[in-house]
Amino acid sequence: MESNYRYFNRDISWLSFNHRVLMEAADPTVPLYERIHFIAIYSSNLEEYYKVRVAEHKAVARGGYSEDMTQDEAAELIARITDEVNRQLEDRIGIFQHSILPELRRNRIVFYQSRQDVEPAHDKFIVNYFREEIFPYLQPVPVSRTRVKVFLRADRLYLCTRLIRKDNGATEYYIMKLPYSKVPRFVELPMLDGYYYLMYMEDIIKTNIGMMFPGYEVDCSYCCKISRDADVMVDDAPTDEVMVEQLKEKVKRRKIGAVSRFVYDRNMPTDFLNYLTDAFGISPDELVPGDKHLNLEDLAKLPNPNPNLIKSSKPVPMKLECLGKKQNVMKYVAKHDLLLHYPYHSFDHFLHFLYEAVHDRSVDEIMITQYRVAPHSEVINTLIAAAQNGKRVTVFVELKARFDEENNLATAERMRRAGIHIIYSMKGLKVHAKVALVLRRSKDGKPKTSYAYISTGNFNEKTATVYADTAIVTSNAEVVDDLHTLFGLLRREVNEPEFRHLLVPRFNLLPRLMKLLEFEKAEALAGRKAYIILKMNALQDPAMIDELYRASQAGVKIDLIVRGICCLIPGQPYSRNIRITRIVDGYLEHARVWYFHHGGEQLVFLGSPDWMKRNLYRRIEAVTPILDSDLKQEILDMLHIQLADNRKAVWVDAELRNVYKKNDEKPVQAQRTFFEYLRTKNR
């Protein structure tokens, strides 16, 4: 019965995904520095999680409003999160101490973890480095329970020190911000006997901190940090100008948001911790014990001093031979749809597509959405060049892209000054579609072959090297018209759009999905083959999960490839025909691709939305069917390769565990296998 349907909690499911990231750090088949990088990714993910999700739940637990849970439910969830995070942090410490550090040493890199590890031959260097490079930037501030409280900035690492006065034995506490903007976090020390040496900057400070406090005995020092509520909610504003000002103000306030956690070295004595929490006004539910070295997302920048140690084994993105020596995208797409798989294919193809639009005299207008923009973006530079070359350029900039608000504001202002027409966030909606349109006209104003670009990923040349996304470029007139209609909606020129091929939430996406699911159910009930593959980043919407449960009960075979949040529970009577695959490897699986057997017609779609409430009901997204039979098969081949992965793929089981698919069959590592598939096809 429907009333018996159950779901994984969204936040606990996300923690299961992040633990899968951490599992890569423990995998000895992964290159060493990539393993270190996975610890950095795990830590960075957890930071954002606390800034947004945990901060939101803590606000509810304190009496704030939520339509999803009560105050008691929020408090119970926070306790579950804390238990799971603490368990995972034990795993992280163990992986780093017992696997990563010994492997570094085997590669002749010694990473000092404490003063006791330091070779006597390095003592003089450490003292001199402290005096000359670090000491000038340190500003210790006294910590007191009675005087004005010290304000701790979010995400900054602080060193807290307990001192004993030599004259009267009084205890005093000081705190200082570590000067990472002035000094590298990881300091390279002189080589000894063929070994390279690294040391944390904070350990160098701890070793020499007595120099800063004459007349005191240094009792102990420990690091700590604060995470603050970083969610930015922008109210609907009457004009774009008001919205921009609101956003600027709220981004500033992010730095002083409510505390969501206080992370501290778990070796800190209880009385030391109690003093700090009292002095800073930290409540017990905000305490999160960490390991000795915090902010491990910085490990992404760990130096590799050994030139013989390979940091990465990722292949170089390939150029498509079908585009010819001049890489002419428009010429090819005028006759054939083009499928691009990043980062296996070079993002230069999209940049070249824009270059062609800049210099093609027939191009009248370029329209594009921007959600997350790369620093010093070549995409933005090319759009500016198009405007300067007399093209009409329209860019929809989503200001509400979390943690990219400031960058998007600055980029939008730069484009506006260059003559580009900027459209900002829509009232009550976030625009998440990743689409571009190039319109061409002849000299007499008649339409010529135009081009639509629809992607699962952002127009960001930086993330295109690490996010596995899929995009299609087509000159299909009906798809071009649909995309033109979508931009009309973004321009506030169309209120009730009609689409022939594109699927857009709030208009035709959900009705179309319901029909596709109903068709598969009917096929299964009639005893015919019924099969669905859904690849996405997150599956959370209960209504759509219920539809999948019902399809499973009808006999439809369903394979889910879900990288992150998945609230559907497998292994239940109502989900016995559903399997959940999760893949974590060198690239971040980011594509959203859906396949329906549909009586042998084999319908394939790609686009920007996950199956979350926010994507399906509160965003503008774009999904396109793949109409070319060869490209349809290419995507289906990709999905089958991923389902066959028995190296980096796991099953997500009914207990939210990541269970490796490893078996004795022929090894399949989907990302490597798919790269070879595409390389063979390219030849």
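How many helices and how many strands are there in the chain? In this predicted model, the chain holds 17 helices and 27 strands, and the views below take up the chain as a whole and then several of these elements in turn.

View 1. The C-alpha trace spans about 90 × 60 × 55 Å along its principal axes. The radius of gyration of the chain is 27 Å, which agrees with the value near 26 Å that a compact globule of 683 residues would have. Of the 683 residues, 58% count as buried, and among contacts between residues at least 6 apart in sequence, 74% join residues at least 24 apart. The accessible surface comes to about 29600 Å², with 49% of that area belonging to carbon and sulfur atoms.

**View 2. R92 in helix 3 and the residues around it.** R92 lies in helix 3, which covers residues 71-106. With a relative accessibility of 8%, R92 counts as buried, because the cut-off for that class is under 20%. When its neighbours within four places in sequence are left aside, R92 is in contact with L22, I39, Y42, S43, D291 and L296. M23 is 69 residues from R92 in sequence, yet the C-alpha atoms of M23 and R92 are 9.1 Å apart in space.

**View 3. Helix 7 and the strands against which its buried residues pack.** In helix 7, residues 270-280, the buried residues are F272, L273, Y275, L276, T277, A279 and F280. An α-helix has 3.6 residues a turn, so residues three or four places apart point the same way. The buried residues of helix 7 pack against strand 2 (141-143), strand 3 (158-165), strand 4 (171-177), strand 7 (216-228), strand 8 (259-265) and strand 9 (287-290). Just after the helix comes G281, which takes a positive phi of about 70 degrees.

View 4. Strand 18, formed by residues 531-536, is mostly covered, and six of its six residues are buried. In a regular strand the side chains alternate between the two faces of the sheet. On one side of strand 18 are Y531, I533 and K535, on the other I532, L534 and M536, and both faces are covered. Strand 18 runs parallel to strand 19, residues 557-562, and six bridges join the two; within this pair, I532 stands opposite I558 of strand 19.

View 5. Strand 23 consists of residues 603-607 and is mostly covered, with five of its five residues buried. L603, F605 and G607 point one way from this strand, whereas V604 and L606 point the other way. Strand 22, residues 592-596, runs antiparallel to strand 23 and is joined to it by five bridges, and Y595 has V604 of strand 23 as its bridge partner. Strand 22 and strand 23 form a hairpin with six residues between them, and in the turn H598 has a positive phi of about 50 degrees. Strand 23 is also joined by three bridges to strand 25, residues 623-625, again in an antiparallel arrangement, and here the bridge partner of L606 is T624 in strand 25.

How values were computed
Residues numbered from 1 in each chain as written. Predicted model: local features only at pLDDT ≥ 70, side-chain atom pairs only at ≥ 80, totals over all residues. Heavy atoms only, no water. Buried < 20%, exposed > 50% of the residue type's maximum accessible area, 1.4 Å probe, protein only. Helix = DSSP H or I, 4+ residues; strand = E, 2+ residues; numbered from the N terminus. Pairing = 2+ DSSP bridges. Rg over C-alpha atoms; globule rule 2.2 N^0.38 Å. Contact = heavy atoms within 4.5 Å. Areas by Shrake-Rupley, 256 points an atom, 1.4 Å probe, with all protein chains shown as cover.
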